[in-house]
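Subject: Structure for you to look through

Hello,

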Amino acid sequence: MVKDPVCGKDVDNQKIDAGESVARSGAPVIDPSFGTKRFHDGQWYYFCSMNCRQRFIGSPARYLKPDSPA
């Protein structure tokens, strides 16, 4: 389990990774019902929902500061 950097919820990263598959084109496909992830600055970040993921994409620095509230 890891923490969603946006909302702070516990996210089962193993379940998200296990739900990953590959499309015919070779692109990775993730079932968002398990949560989702995003690769940023050399590290994977896991999210409870697409909404949290989109908020992170819009302003990653806001959520990566250790002393900043979500």
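This is a predicted model: local features need pLDDT of at least 70, side-chain atom pairs count only at pLDDT 80 or more; totals for chains, interfaces and linings use all residues.

Residues are numbered from 1 along each chain as its sequence is written, and side-chain values use heavy atoms, with hydrogens and water left out.

The protein chain contains three helices and six strands, where helices (H or I, at least four residues) and strands (E, at least two) are DSSP runs numbered from the N terminus. Read from the N terminus, their order is β-β-α-β-β-β-β-α-α. The radius of gyration, taken over C-alpha atoms, is 12 Å, and this agrees with the value near 11 Å that a compact globule of 70 residues would have, the globule rule being 2.2 Å times the number of residues to the power 0.38. The C-alpha trace spans about 40 × 20 × 20 Å along its principal axes.

Of the 70 residues, 26% are buried, and here buried means under 20% relative accessible area, exposed means over 50%, and partly exposed lies in between (1.4 Å probe, protein chains only). The accessible surface comes to about 4,800 Å², and 50% of it belongs to carbon and sulfur atoms; such areas come from the Shrake-Rupley method with a 1.4 Å probe, and for residues only the protein chains shown count as cover.

How many disulfides does the structure hold? There are zero, a disulfide being counted as a pair of cysteine sulfur atoms within 2.5 Å. For Cys7, the closest cysteine sulfur is that of Cys48, and because the two are 3.6 Å apart, they are too far for a bond. Cys52 is in no disulfide either, the nearest cysteine sulfur, that of Cys48, being 3.8 Å away. Cys7 counts as partly exposed, with 34% relative accessibility, whereas Cys52, at 5%, counts as buried.

If residues up to four places away in sequence are not counted, Pro28 touches Glu20 and Ser21, where contact means heavy atoms within 4.5 Å. The C-alpha atoms of Pro28 and Leu64, which are 36 residues apart along the chain, are separated by 25 Å.

Asp31 sits in the loop between strand S4 (28–30) and strand S5 (36–40), and its relative accessibility of 33% makes it partly exposed. Asp41 belongs to the loop between S5 and strand S6 (43–47), where it is exposed, at 75% relative accessibility. Although Asp41 is not a glycine, it has a positive phi of about 50 degrees.

Arg38, in strand S5, is partly exposed, with a relative accessible area of 30%. Leaving out residues up to four places away in sequence, Arg38 touches Gln43, Trp44, Tyr45, Phe47, Arg53, Phe56 and Ile57. One of these, Phe56, is 18 residues from Arg38 in sequence, and their C-alpha atoms are 9.0 Å apart in space.

Best wishes
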